[in-house]
Each structure stands twice: as structure tokens, then as C-alpha cells.
Amino acid sequence: MNSDTVSDTDKKDETTADADETRVDEIEAESAELSDDSDTAKEGMLVRSDEVLPAQLTLLPLSNRPLFPGLVVPLIYEGGEMGKVVRELADSHEPYVGLVLVRDENELYAPQNLYSVGVVARIAKAVEIEGHGLHLVVECVRRFSVDGFVTAENPIRVAVSYRPETSYEDNIELRAYTVAVINTIKELLKHNPIYEEELRLFASRFDVNEPNRLADFAASLTTASREDLQDILETYPIFDRLKKVVSLLNRELNVSKVQTKIRENIDERISEQQRHFFLQEQLQEIQRELGMNEDPQEKELADFRKKAKKLKFSEEAQKVFDEESNRLSMLDTSSPEYNVTRSYLEWLTCLPWGKFCKERYNLKTAARALNRHHSGLDDVKDRILEFIAVGARKKAVGGSIILFVGPPGVGKTSLGKAIADAVGRPFYRFSVGGMRDEAEIKGHRRTYIGAMPGKLLQALKRVNVSNPVMMIDEVDKIGSDFRGDPASALLEVLDPEQNSDFMDHYLDVRFDLSQVLFLLTANQLDTIPRPLLDRAEIIHLAGYMPSEKVEIARKHLWPAQLKEHALEKSDVTVTPSLFRHLVEDYAREPGVRRLEGLMKKILRKVARKLAEETVTLPVHITVANIKDYIGQPRFREQAIKVGVGLTTGLAWTAMGGTTLTLEAAIIHHDRRGMKITGQLGKVMQESSDIAYSYVIANLERFGAPVDFFDKAFVHIHVPEGAVPKDGPSAGITMATALLSLALNQVPARIAMTGEMTLTGEVLPIGGEREKLLAVKRLGITEVILPAGNEVDVDELPPSVCEGITIHYASHFSDVVKHMFGVRMKPAKKRKAGKVAADKK
């Protein structure tokens, strides 16, 4: 309910009709006529109003705010129980009714929920309007106080008393309040013109100098709370009433000023925006007339369609492009979906659909490219040239997957560049080391903010052809956790049967990757998933020989570092033996990365000395003064340890091959036993147990005392205890050291490697190339290898085995023959009686 509408709790919904609205307008017009009539009545009144006002009144509730004497307002009652009461009241032609404010709008209409002071009103008009309920036009006459309730249920009737207005004399203080009220109303008119019509209506009916009428009128103008207005209604003394009204008017004036300021700020901003909009429209119209401007949305669509015409879309991609471009044309540029769709079309049209580079398959050119990028590793180059030769026959090398496996710094990446140069394709490399999110491979779905395709499609966008050479680095270091498994996502990419229909999550359109030449790199095979290995052709890069590293340093690394440090070849001179000294004493690892780092360190020192003017050009660097630049040698010349219980074994590491001097000694003769140290793994510990058991079981056959180990406590140690060691290839080395103790004989100066079984069989091992290179670095000329590795050794380059005598052993007796010059005696046949006794 509001000030001019009273509704029952079960009121019906309002409906709107033109005829009803017309009738409401007529009622409001009649209200205005009633105001004019009241002026005439005021002039010719013959009796006092308090003499004709009834002593009992029927009460009607007001919900939003109270009404004040002197107001003419329409009231609407929309059916329900209260609507019925109002209709009965109108039919009874009772001229007066009491209007009282309810205390709580949400409570029922009851005596305890009514204020005790209200206003008596004369019913001037009562009209029934279909769909809008009963409309009353009432003229508020005078305040009344409730003396008691005649009936407490609808219709509520009360006994009332009318208190006459306070008599007052015209004095200065009263005039001051009156003027304050009038001036405040004038200020309000400046901020809200709506008050002007109400003030004109009041002035036409009453004298503005009547303080009581002015106070009531001023209170009715404000938007004060219902409680504050009821307080004004209940205040009879004119001075008190004027004080409260002035306070309400000042509060209303402050609110109006703030509203005016806010409205002016908004109007100013809107005006500025409208001005900017009109100027922008004029500018665009001028540019359009001059042909200088196009609709940005249309221009983008035209650009996309122009790009699409140059591409050879698949049928599926063409359908998606048409759908997305049509969708873009219907979207508003300010919509978030517009940017998402535009980004998608950009990716769809920037991929090399049907674009291939021209390949070349000239083997001589390919060989020159491989030698230009890479020195050494002739066996690997031969394998790559064979691969290119097959591609020349097929006129395509796409769809192939090659995995380069080798220690760091052996040139896996440079080989990939050399292959791309040899076949005339663009090269792109990215690393998957540490990658844990499969979306890096297959892209994010478009529903995510900031979504984009995976690295494969990003690579194709950069090279702008569909048949590049793509290198995926560090596939042995791919992670896997709750976010996904990138290695599994790579299975689709690297499967020739599937990658012709590769589906990226972002693009959601099949793209053909079958013409891409994939090159993978890894340091080891152990951590690569088996399904991934099955899809690749593996090429092992064991590492460089010292002579190859010297050649790489002289031809490639040194000139490149001189250029990087802004030095000429004539500025820094080196002796021919310097690079070999660096390789053998400072950088023995299979790759050349540390060797390159040493060269950087040398040239940084040279640059500093030149800046400090402590040396002059040219700077001479020799083996004698190299310590001044990079310090003492990292590796010393290792002498082969010779003695009882000392043997030299061979091991493979991720950094290449190395030698291990194994030591065995008798600690005491108190009891039988064996102790192993050197941070050995479980497999290596098992190898030592097998060697110990085999030697003890066959002491007599080797000519050693049968009871030698009965009371001997043996300690086996593998030096460099801080380095973890594991693997089965030290089996024959440990057995040889134990047999040396039993025979009390110094083993021959021969290195060895091989796994041994309890029956003395010698099984093949891996990493033979790396191990042979380690032997050459140590200066050993003889090596014992398992007979099963003879085929692998035959495939090695001749330079690896040059200067080394290789003995092949299929049984431990072959090892004993070379190490001690002892032939193993045949096992004795046991007598039948002895066997029966043993069984018993």
C-alpha cells in the first residue's frame, strides 16, 4: 500500500485496460474540481466543521504513510474483505470515514496494530472500475484521536474526539518559522520541479501564511519515513510541529541536492558519450564515403575467407570453417563469444592445410650437410643416409619416427638439424622434459579461458608447412600425475596408423600429421614407456672417441666460441696438442658439452686480461699455461693397479663408459664369511654372491686349496663409494678377484666385463662401445668380453676396436685361462656307492 492506495492482504492482481485508465483520469480530474469547490465552501461556510463531524467513524487502514488535513487524494481498494467493507460504506452514503496508519504493514488489520491518531476524510466520489476495484476520492478534513473501539472486527468503528487547532497570535518567531518553511520549499523546487504543481494547488486553496496548513502541506511533500510523518500528525502544538517540519524539509533538501548532483554527473557523462558517438559516426561516414573504412567485423570475415581460399581444407575442416564464420557474422563484437570464435578461426586458417615444402633426396648433398653440421659418429651418419636413400626411392620420408639415444652432449639435436638440412625441410624443436599436462600435446578445450592448441599445432603454425622435421627432446623425462599422462598422448602422435587423423582438443578437427618426420631424443631407454619405444626406430649414439672430440673442437667448437666472444682466429693462438690435452685431462665425458664450456672459460679469461691490459694480442695458449685459465686437470693418469685380489672391470653410465678397479682381501681367519662395500645395488650384490658360491664350489678344479675359504673372512670393495653402482656385468670380475686370493696369484693386466651364472656361464652385456672407449682412455690393450657380444663388436666402427685385443669367453674357465694361465680341471665323477651314501 502507498499513500494513495490501500489494499487488503488477499488483494487480486491488477489488470490493465484502456477504458479503466480513462476512468481513473476522470476521477483525478474530479479531485481537482473538488479542490476548487473547497475554496468556495471556505469563503461561504456558515457552521463550524467540528459541529457537523460525527462522533463515531468507520476506520480504513493506510499502509505506506499517513495523510494530513487539507489533502485531496484518490484511494483504491482492490477486493477481498476490505474491498467489501469499502463497498458497504459507499452504499450506505456515510459521508465521513477515518483514515489511520497501521503500525506494521505485515501484520493483520486489527485494533492493536493501529495508531491512535488519524485524519477524518469526506468521501467525495466512489467509482467501481472493473479489474481495478473500488476507487474513492477523499478530502482530508481534521485530525482525530481514538477514544475507544465500538467494534473490534471489520468494519472497525471507533469513538473519536476532535482537537481544535492551537490558537496562535502573529508573532516574530512564528513568522520566522513560516518563512523558513516557505524558503526551503522554494529551494526544493529548484531541484525537483514536481513540487511546483503541488505548491500551486496548495496556494489556490489555502493561505500560505496559515502555519497549521503550511506545516501539514510541507510534511506531505517530503519522502520521510512513515514513523516521522506519523509523529508530525500526532504533534498538535504549532511551534513544535513547525520545528519538526523544518528538520524534515532540510533533510529532504540535502537529499535532493545530492540527487541533483548525481543526475548532473550522469547527464554530463552521457552527453560526452553521445558527443563522442556522433563524432565517431560522422568520421566513419566520411571515411566510408572516401572508401577509407570498412566495418571491422566484415573486414575480419573477409580476411578469414580470403585465407581459407588459399588453403586446401579437408571436408570436415571446410564444414567447420563455414559454420564458425557464419556464427561470427551474427555475433556482436562486444560479446565474449565473439573473441573466442575469432581466435578459433585465426588458428584454423593459420595452419598449413595442404601446404608442403619441396624435398630433396640427393645423397651427396645429404652427406655434405651431415658432415657440415656434425663431425664423427660415422656409423650413425651411415644409418641416416640409408634412411634418406629409402626415402628417395619412395619419394617421401614422412611418417617415420627415429629415436636418438645417447649421453648428453653427443650431438643429438645437431643431428636433427643436419637431417632437416639434408632433406630440405624446415626444422622445429621442443622439449617435453618435465611435462605433466597432456594438454601441452593435444591442446586445451575451447571452453577454458586462455585455451590454445597443443605444441604440435603451434609448431606447424610456425614452420607453415605440413611436412617439417619435428624434434621432440627429452622423451625419457616426461612426467605423469593427476593432471594427465603426456606420454600416452604422444602415442597417437607417433603412430603412423593414427596420426593421419590427429585430433587436437582445441581445434576439434582432424589434421594430417603423417607427413611429419618425427625425431625423438633421450638419454636412456629405461624410463620411456614400452608402447612408445615400439613406434620408434632406435639409433644409439654411444659417444665420441678422443680423436673425434679433438677434431670437433678444432673444426667447430673453437671457431664458434671465438666468434661468440668477438675475437679473431689470429687474436688467440693455440698449440696443436692443446685440444687433446683438454679432452684427455679435463673433459673425458662422451659428449662435448663440458669441452665447449672449457673453451668459453678460456676465452672469458682472455677477454678480461685484454680489458685489464695485462696481455697484448696475440694471446698464446699452450699446454704449459692452460692451468692459468681453467685450473688443474680434472682427471689424472690412472695407473692399472696390479696385485693379488685386484681386478679391473668395465661399467656403463649415462655419461659413457668407465673402469672400476675391484679390490678383494682376507680380513681374518676366525670364521668364514664375506663383506661387500662401495654402495652396490641389489643386482650387483647378487652377482657377488654368485661369484663367491661358484669359486668356493670349484676351488679344486682351479688348483686352489679346497679349504681356503673355510675360515677366511673376505672383504670386497668397489672404489668411489659415493657413486651408486648396480648391474650384473661385474660377475666375472668379482669371481676373478676371489680366485686370485685363493691362488695367491696376481691377475693379468686385462680389463673384463660379463655376467656369470652359478654354473660358470658368461652371459652377454650391453654398452660394449662405451666400455671399449673407456679401455682405450686407460691405456689397456686387452679386454675380455662375453662371447655373445661378438656380433655387437663386429658392428662397431674399426676405430673403436683399433689397438685392443679382445678375448671372448663363453665360460668362466675361458676367463681363468687368460687371467692366470690355468686350465680348469674336469669335474670328478662320483662313485655310485658314494652317491647312494649321500642320498641316504
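Which strand does Ile402 lie in? Ile402 belongs to strand S7, residues 401-405.

1. Basis. This is a predicted model, in which local features need pLDDT of at least 70, side-chain atom pairs count only at pLDDT 80 or more, and totals for chains, interfaces and linings use all residues. Residues are numbered from 1 along each chain as its sequence is written, and side-chain values use heavy atoms, with hydrogens and water left out. Strands (E, at least two residues) and helices (H or I, at least four) are DSSP runs numbered from the N terminus.

2. Ile402. Its relative accessible area is 3%, so Ile402 is buried (under 20% relative accessible area; exposed is over 50%, partly exposed in between; 1.4 Å probe, protein chains only). Beyond neighbours within four places in sequence, Ile402 has contacts with Phe387, Phe518, Leu519, Leu520, Glu537 and Ile539 (contact: heavy atoms within 4.5 Å). Met471 is 69 residues from Ile402 in sequence, with a C-alpha to C-alpha separation of 9.4 Å.

3. The sheet. Five strands form an open sheet in the order S8-S9-S12-S7-S13, with parallel pairing (two strands pair if DSSP finds at least two bridges between them). Its edge strands, each pairing on one side only, are S8 (427-431) and S13 (537-540). From one strand to the next the twist averages 20°.

4. Strand S9. S8 and S9 are parallel and share 5 bridges; Tyr428 has Met470 of S9 as its bridge partner. S9 (residues 469-473) is also parallel to S12 (residues 517-522), through 4 bridges. On that side, Met471 is opposite Leu519 and Ile472 is opposite Leu520.

5. Burial of S9. Why is S9 largely enclosed by the rest of the structure? The reason is that 5 of its 5 residues are buried. In a regular strand, side chains alternate between the two faces of the sheet. Val469, Met471 and Asp473 are buried on one side of S9, and Met470 and Ile472 on the other.

6. Helix H16. Residues 455-463 form helix H16, which lies across S8, S9 and S12 and runs at about 150° to S8 (axes are lines fitted to C-alpha atoms, for helices over the stretch in contact; angles run from 0 to 180 degrees between N-to-C directions).

7. Cavities. There are 4 cavities of 30 Å³ or more (sets of points on a 1 Å grid over the protein atoms alone where a 1.4 Å probe fits but cannot get out; lining residues have an atom within 4 Å of a point).

Conventions:
1 Å grid on protein atoms, 1.4 Å probe; cavity = no way out; pocket = protein on both sides within 12 Å on 5 of 7 lines; lining within 4 Å. Points joined across faces, edges and corners; volume = space filled by probe spheres on them.
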